[in-house]
Amino acid sequence: QAQLVESGGGLVQAGGSLRLSCTASGRTFSRYRMGWFRQAPGKEREFVAAIRWSGGSTWYADSVKDRFTISRDYHKNTVYLQMNSLKPEDTAVYYCNTDPNGAGWADSWGQGTQVTVSS
């Protein structure tokens, strides 16, 4: 099973930008898609964005469409989330995950990275 390490979070003012990174390591694994999720205090974890590892097709939650961009570096085993025009409601812990074969997201999660957007 892959180990996923997220980084790049921080404190930013509303309207600002951050870029999150998620690097996969460990034993060889299959990746059909990689995605970003987030969990705000007192709320359930929600889908943010995903990218198909081969081909680069992308999907976004309506709440982040046109503000966030997901991308991947095939050779670095890294997926990125460029977040622009950040809003206070984007404040959450952001996690990445893998969908190894198109059947659904893995059960295990990394430690996440905190994003805090001040108004």
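Guide: What follows is a set of questions on terms, each answered from this model. The model is predicted.

Visitor: Why is the link of C22 and C96 called a disulfide?

Guide: The sulfur atoms of C22 and C96 are 1.8 Å apart. The cut-off is 2.5 Å, so the pair counts as a disulfide. A disulfide is a covalent bond between the sulfur atoms of two cysteines. A search of the whole structure finds one.

Visitor: What parts of the chain does the pair C22 and C96 link?

Guide: Distant ones: C22 is in strand β3 (residues 18–25) and C96 is in strand β9 (residues 92–99), 74 residues apart. Both C22 and C96 are buried.

Visitor: How do you know that E46 and R38 form a salt bridge?

Guide: The closest N and O atoms of E46 and R38 are 2.6 Å apart. A salt bridge needs such atoms within 4 Å, so this pair qualifies. Side chains of opposite charge can pair when their charged atoms come close.

Visitor: What other salt bridge does R38 form, and how far apart are the atoms?

Guide: D90 forms one with R38, the closest N and O atoms being 2.9 Å apart. This pair links distant parts of the chain, with D90 in the loop between β8 (78–83) and β9, and R38 in strand β4, 52 residues apart. R38, E46, R67 and D90 are linked in a network of salt bridges.

Visitor: What makes D62 exposed but K65 partly exposed?

Guide: The relative accessible area of D62 is 66%, and exposed means over 50%, so D62 is exposed. The side chains of D62 and K65 meet in a salt bridge, at 3.1 Å from N to O.

Visitor: How do you know that strands β4 and β5 pair?

Guide: Six bridges join β4 (residues 33–39) to β5 (residues 46–52). Pairing needs at least two bridges, so β4 and β5 pair. The two strands run antiparallel, and in β5 the bridge partner of M34 is I51.

Visitor: What makes β5 and β6 a pair?

Guide: β5 and strand β6 (residues 58–60) have three bridges, and at least two are needed, so they pair, in the antiparallel sense. In β6, the bridge partner of I51 is T58.

Notes
Residues are numbered from 1 along each chain as its sequence is written. This is a predicted model: local features need pLDDT of at least 70, side-chain atom pairs count only at pLDDT 80 or more; totals for chains, interfaces and linings use all residues. Side-chain values use heavy atoms; hydrogens and water are left out. Helices (H or I, at least four residues) and strands (E, at least two) are DSSP runs, numbered from the N terminus. Buried means under 20% relative accessible area, exposed over 50%, partly exposed in between (1.4 Å probe, protein chains only).
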